[in-house]
Amino acid sequence: MKKQKAILILLFLIPLLLALCIFGPFLLMGFVDSSWYYSEEVDIGPLDYSSALTNAENAGYEVEGSWPWPGNFSGFEQGDVPEVRERFGAAALVENIRLNYDGNSELMVFICEDRPENGLEGGQKAGTLTCVVISNFSHSDPESSLQLSEFPPDAWMLEKLGLLFGLDEETLEKYLEALKTAAQNQTWEAEIQVSESPDFPAAYAYLKENSDDSSYETSLGINAYPTEVFLKDGKRLGSVKYFVPEATVTAYDNENRYIVELDASGKVKLEIVMPPGSSGDTIPEEEYRAVFREIFEELGLDPEAVDIFDFFHSSSRVW
């Protein structure tokens, strides 16, 4: 009797297990699948990036993002340059400034970590320093020292160092000699550190006034921030790379995640992710727009800007 019972149980379980193997993934996906709404990126105009993220946190929203809140990226303050502020927002930073002598050689400044072996003065304490680098891309051997003959003329170097830092002639000559000394102990390029920050408004004014064309380039991958390139007679005069901070703000309503992606320049994307098992479900348009208007108001953004966005509906179910 026990043997017959065991056989009957097996006869019942085998088809059941087979059915689960075949249909189980489809049944599971029915619970995992979800619907979502998304928009394309829209420029809503100038916004106070730092205040928007502070308001988001005060409202209890989830905030993830880059400098100045809550992460940290290094860069120079832009100062009083209306063109940069209007294009990228007041929170944008300057990552680096490059001044080109010719197609091969350039002078670059950027914020660097304290490396005392490259400093001008012994015993320099750790802190925010400016790296000053001279490069020559025609230098054939990256393992060998940069030769003094590969430097731009002294007059050009002193003029550009003066433009960047506005220092007296004696200090500028000291910096130039330090770069030449560094070239003997480094490979590929010569680098020193200085305690002064560059005068970005002065450098930007020089690039604007002496160029006859400019454009923006955006690199790919991590740190894909815009670079403003200045040309003179078709040749590169210099460039500026900017950090444009960006963040994601997430709020919840009826188990739906409402996501606002924004950056300091005013570019915004919106998204709604519905809970698992919602594949094919929808939300009335007036309902989700009302939620986004409330979020915008909490962030200190114009709630009427929500009307600019066009939303698209999609589902993760593919069969």
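Contact means heavy atoms within 4.5 Å. The chain shown is a predicted model, in which local features need pLDDT of at least 70, side-chain atom pairs count only at pLDDT 80 or more, and totals for chains, interfaces and linings use all residues. Residues are numbered from 1 along each chain as its sequence is written, and side-chain values use heavy atoms, with hydrogens and water left out.

**View 1. Surroundings of Phe200 and the largest nonpolar core.** Apart from neighbours within four places in sequence, Phe200 is in contact with Glu77, Gln78, Val81, Val84, Val94, Ile97, Val240 and Tyr242. The largest nonpolar core has 75 residues, of which Val132, Phe200, Val260, Phe292, Ile295 and Phe296 touch the most other members. Such a core is a set of buried Ala, Val, Leu, Ile, Met, Phe, Trp, Tyr and Cys residues joined through side-chain atoms within 4.5 Å. Buried means under 20% relative accessible area, exposed over 50%, and partly exposed in between (1.4 Å probe, protein chains only). Helix H5 supplies the largest share of this core, seven residues.

**View 2. Packing of helices H4 and H5.** H4 (residues 154–165) and H5 (residues 169–185) pack at about 120 degrees, with their axes 10 Å apart. That angle makes H4 oblique to H5; angles under 35 degrees count as roughly parallel, over 145 as roughly antiparallel, 65 to 115 as roughly perpendicular and the rest as oblique. Axes are lines fitted to C-alpha atoms, for helices over the stretch in contact, and angles run from 0 to 180 degrees between N-to-C directions. Helices (H or I, at least four residues) and strands (E, at least two) are DSSP runs, numbered from the N terminus.

**View 3. Packing of helices H4 and H6.** H4 and H6 (residues 200–210) pack at an angle of about 125 degrees, and their axes lie 6 Å apart. The two helices H4 and H6 are therefore oblique to each other. Lys160, Leu163 and Leu164 of H4 meet Ala202, Ala203 and Tyr206 of H6.

**View 4. Ile44 in its loop.** Ile44 lies in the loop between strand E2 (42–43) and helix H2 (49–58). With a relative accessible area of 22%, Ile44 is partly exposed. Not counting residues up to four places away in sequence, Ile44 touches Gly266, Val268, Phe296, Leu301, Ala305 and Phe309. Although Ile44 and Val268 are 224 residues apart along the chain, their C-alpha atoms are separated by 7.0 Å.
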